[in-house]
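Please look over the sequence and the structure before reading on.

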Amino acid sequence: MSMLGEHCNWVRNVRAAGGRATIRHGRARACRLVEVPVGERAPILKRYLQKVPGARPHFPVDRHAPLAEFEAIAVQYPAFRVEHAKAGGYL
């Protein structure tokens, strides 16, 4: 989830790399970040705001708002699904 919206550098970098990325959490793992279609983002946005208090100031919607309010802003906030690489490299 990009709490800073469409135009932050990491989103641009992921798109330019065709989704290829490395996630580091203990050890580095190759993965692909697959962009979630706008029509599927609203419930993800809502859950994100419920779980990540530091992101709340960056969104114009309250975490308790109805899903329709999240649907209205979903186009502005990219979300990506992480797909881990199979053994030996990228997907």
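Which backbone oxygen lies 3.0 Å from a polar atom of the side chain of Arg 41? In this predicted model, the backbone oxygen in question belongs to Ala 74.

- Arg 41 is situated in the loop between strand 2 (27-35) and helix 2.
- The relative accessible area of Arg 41 is 3%, and this residue counts as buried because buried means under 20%.
- A further backbone oxygen, that of Val 36, is reached by the side chain of Arg 41 at 2.9 Å.
- Setting aside residues up to four places away in sequence, Arg 41 touches Glu 6, Glu 35, Val 36, Ala 74, Val 75, Tyr 77, Pro 78 and Ala 79.

**The largest nonpolar core**

- In soluble globular proteins, nonpolar side chains tend to be buried together.
- Here the largest nonpolar core has twelve residues, among them Ala 42, Leu 45, Phe 59, Ile 73, Ala 74 and Tyr 77.
- At least two residues of this core come from each of helix 2 (42-51) and helix 3 (67-73).
- With four residues, helix 2 contributes the most to this core.

- Apart from neighbours within four places in sequence, Ala 74 has contacts with Val 38, Arg 41, Ala 42 and Leu 45.

How values were computed:
Residues numbered from 1 in each chain as written. Predicted model: local features only at pLDDT ≥ 70, side-chain atom pairs only at ≥ 80, totals over all residues. Heavy atoms only, no water. Core = buried A, V, L, I, M, F, W, Y, C linked by side-chain atoms within 4.5 Å. Buried < 20%, exposed > 50% of the residue type's maximum accessible area, 1.4 Å probe, protein only. Contact = heavy atoms within 4.5 Å. Polar contact = N/O pair within 3.5 Å; in protein donor to acceptor, adjacent residues only side chain to side chain.
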